Amino acid sequence: MDSYIDTTAPETDLATRMVGVLKQNDRGGHTAPANFYPHQWLWDSAFTAIGLRHSNPERAAEELAGLVGGQWANGMIPHMIFNTGREHRLERDAWRSWLNPFAPDTAATSGITQPPVLADAVVKVGQKLPTDLRREFYRFMFEPLVKYHEWLYAERDPHNEGLTLQIHPYEVGLDNTPPWMMQLYEHNRPWWIAAIETLHAEWVVNFIRSDTRSVPPGQRITSLEALMLWDVVRRMRRKRYDINKILHRTLFCTQDITFNSILVRNNIQLKVIANSLRRKLPDELLDKFGHTEEALGKLYDEPTKQYYSRDFITHQLILEPSIGTFMPLYAGTISKANAKELVDLLRDHKTYWLHHPVPSVPLNSKFFNEERYWQGPTWINTNWLIIDGLRRYGFKQEADDLAVRSIELVQKSGPYEYFSPLDGKGLGAADFSWTAALTIDLIKTSIDNIGKTAL
Ligand code: GLC
């Protein structure tokens, strides 16, 4: 669908126009990621709130509080809270979260989580609220956050390794990123998917996919991949999202580098919230936080000087390059020397520092496709995470450079879901909330860091 906001009109200030996009996607209480994503997603809402805090911090706080409404009694914050509209019954039914005894009665949700970027968003939104409201907001979010982080360790780090495991690429948010797709292709397809493949009947899937109705199929995951990923959900549903049963026989079981790096940073932000409230986090949880910071080192591969995700069972690194390698910058706890190696890689013109950095996979990867979702395009949320990390390590020039390029990309093409890293063309959904929100944040924080004149 075309945007009713003219996102390229030069006379309107970019940040103001991006606020308009967020208003357009506001569904009352939660911001839809885009028109064809009508539900509430965990990390989308966190990124949205980070941008929204500059114009309407109270609404940003409400966005995050809404996520607590979907929290399970065991502490999990689900990756999706479904829209209650009658027209979305099929999607709610597809997940059937109510099969699990811990799922809330008041909301239909998915049965898995997403990168835990919530504590960071809570801190950042809190910074923009007046003191009394900040305290009230932190108090409201504190217990749910503690329960969530405790759940992440209790359920997702069963061997106490310091690294949490993920059971579906949707949990990482980088749906078709090559390291996960490689694992997907290693397994035999269920007979009915193999039959669809043999009969070349993938087109049937397009009837039940809403994304390919609005976006050219070449920019999304293939129908076969969509089916295979859906089948993994179906199997989890059959096990009522009981992790012990799922782990007994699962297609995916990965200690993902992006997820765990985000966890490290958010553990630190949870401590910030606790300190500000003068509350104590359980000692056991604090020990686990420290353990994860150290354990990120297990995802480092000395020969290639990069970080990778790891198979939970075999402990083998999945040596397939992707943007995940840069996420330890956001974690902020790796050594300065390791951070410097990542910056050198980031600035390499043959792989990552393309015309519109940072591509989701390097140019020299066999998976690289400038248009296909998480297999090449540049995304503003991963740029934002990298910029945040670069600043923390003192790589000011690189951070400023990437911030300016990200802002210019949105200025030039509009707030698309993702962009070609080669020519900057906007791809996927138009008027995408986290692109708009994080552009606002980059503009506001870059003005502090770079100075107004540079923008
Ligand atoms: C896509 C993205 C995921 C995001 C969701 C909603 O599935 O891969 O990260 O949360 O859309 O925007």
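This is a predicted model: local features need pLDDT of at least 70, side-chain atom pairs count only at pLDDT 80 or more; totals for chains, interfaces and linings use all residues.
Glu143 sits in helix 6. Thr212 is 69 residues away from Glu143 along the chain, and the C-alpha atoms of the two are separated by 40 Å.

Helix 6 also matters for the inside of the protein: spanning residues 131-156, helix 6 gives ten residues to the largest nonpolar core, the most of any contributor. That core has 138 residues, and the members that touch the most others are Leu64, Val122, Phe137, Ile273, Phe326, Ile386 and Leu390. Leu64 makes a handy example. Leaving aside residues up to four places away in sequence, Leu64 touches Ser45, Ala46, Ala49, Leu118, Ala121, Val122, Val125, Phe137 and Met141. Two of these partners, Val122 and Phe137, are themselves on the list of core members with the most contacts. As a general matter, nonpolar side chains tend to be buried together in soluble globular proteins.

Next comes the ligand. The residues around the ligand are Pro33, Tyr37, Trp41, Trp43, Asp44, Gln114, Gly173, Asp175, Tyr373, Trp374, Phe432 and Trp434. Sorted by class, this shell has eight nonpolar, two polar and two charged residues. Oxygen atoms of the ligand also pair up with polar side-chain atoms. For Gln114, the distance from a polar side-chain atom to a ligand oxygen is 2.9 Å, and for Trp374 the distance is likewise 2.9 Å. With Asp175, a side-chain N or O atom lies 2.8 Å from an oxygen of the ligand. On its own the ligand has 310 Å² of accessible area, and the protein covers 95% of this.

Tyr373 lies in the loop between helix 15 and helix 16 and is buried, with a relative accessible area of 8%. The loop between helix 15 (336-346) and helix 16 (380-392) holds Val358 too, and the peptide bond leading from Pro357 to Val358 is cis, with omega near 10 degrees.

Arg96 is another non-glycine residue with a positive phi, about 45 degrees in this case. Arg96 is found in the loop between helix 4 (89-95) and helix 5 (118-127). While Tyr373 is buried at 8%, Arg96 counts as partly exposed, at 29% relative accessibility.

Note on methods
Residues are numbered from 1 along each chain as its sequence is written. Side-chain values use heavy atoms; hydrogens and water are left out. A nonpolar core is a set of buried Ala, Val, Leu, Ile, Met, Phe, Trp, Tyr and Cys residues joined through side-chain atoms within 4.5 Å. Buried means under 20% relative accessible area, exposed over 50%, partly exposed in between (1.4 Å probe, protein chains only). Helices (H or I, at least four residues) and strands (E, at least two) are DSSP runs, numbered from the N terminus. Contact means heavy atoms within 4.5 Å. A residue is near a molecule or strand if one of its heavy atoms lies within 4 Å of it. A polar contact is a pair of N or O atoms within 3.5 Å; within protein, one must be able to donate a hydrogen and the other to accept it, and residues adjacent in sequence count only if both atoms are side-chain atoms. Accessible areas come from the Shrake-Rupley method with a 1.4 Å probe; for residues, only the protein chains shown count as cover. Ala, Val, Leu, Ile, Met, Phe, Trp, Tyr, Cys and Pro count as nonpolar, Asp, Glu, Lys and Arg as charged, and the others, Gly among them, as polar.
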